[in-house]
Amino acid sequence: YCGLTRTQRMYVRGGHCSGNISMETVHKLFAKGIFHLVIDSPNGQCGFACLTPLGKALQARLRAA
């Protein structure tokens, strides 16, 4: 987890990408495989960011530290 910025660690620890987060941060977390997009709208165009298994393991380490 040392490759993450303080802001990225904050969102991983919280388990969600919401609030006042820049798209650059979102894209970097997606690129690192920590979050992925879960489409949940009937038209298939809207969704939310969810932790991947890697993200959940990282979240557990961050919360334990």
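Figure 1. The model is predicted, with local features requiring pLDDT of at least 70 and side-chain atom pairs counted only at pLDDT 80 or more, whereas totals for chains, interfaces and linings use all residues. Residues are numbered from 1 along each chain as its sequence is written, and side-chain values use heavy atoms, with hydrogens and water left out.

**Figure 2. The largest nonpolar core.** This core has 13 residues, and those with the most contacts inside it are L4, V12, C17, L29, I34, F35 and L58. The elements giving two or more residues to the core are α1, α2, β2 (47-51) and α3 (53-64). A nonpolar core is a set of buried Ala, Val, Leu, Ile, Met, Phe, Trp, Tyr and Cys residues joined through side-chain atoms within 4.5 Å. Buried means under 20% relative accessible area, exposed over 50%, and partly exposed in between (1.4 Å probe, protein chains only). Helices (H or I, at least four residues) and strands (E, at least two) are DSSP runs, numbered from the N terminus.

**Figure 3. Packing of α1 and α3.** The two helices α1 and α3 pack at an angle of about 100°, and their axes are 8 Å apart. Helix α1 is therefore roughly perpendicular to α3. At this contact, R9, V12, R13 and G14 of α1 meet G55, L58, Q59, L62 and R63 of α3. Axes are lines fitted to C-alpha atoms, for helices over the stretch in contact, and angles run from 0 to 180 degrees between N-to-C directions. Angles under 35 degrees count as roughly parallel, over 145 as roughly antiparallel, 65 to 115 as roughly perpendicular and the rest as oblique.

Figure 4. Residues T25, V26 and L29 are buried in α2. Seen down the helix axis, the buried residues of α2 fall within an arc of 100°, so they line one face of the helix; the arc is that of the directions from the helix axis to the C-beta atoms. These buried residues pack against α1 (6-14) and β1 (35-39). Among them, T25 has a relative accessible area of 12% and, leaving aside neighbours within four places in sequence, contacts T7, Q8 and Y11. The face turned away from the buried side carries the exposed residues M23, E24 and A31. After α2 comes G33, with a positive phi near 80°.

Figure 5. The structure holds 1 salt bridge, in which the side chains of E24 and K28 meet at 3.3 Å, N to O. A salt bridge is a side-chain nitrogen of Lys or Arg within 4 Å of a carboxyl oxygen of Asp or Glu. E24 and K28 are separated by about one helical turn because they lie 4 residues apart in helix α2 (residues 23-31). E24 is exposed at 53% relative accessibility, whereas K28 is partly exposed at 40%.

**Figure 6. V38 and C46.** V38 lies in strand β1, and C46 in the loop between β1 and β2. V38 is partly exposed, with a relative accessible area of 24%; C46 is also partly exposed, at 46%.

Key: Contact means heavy atoms within 4.5 Å.
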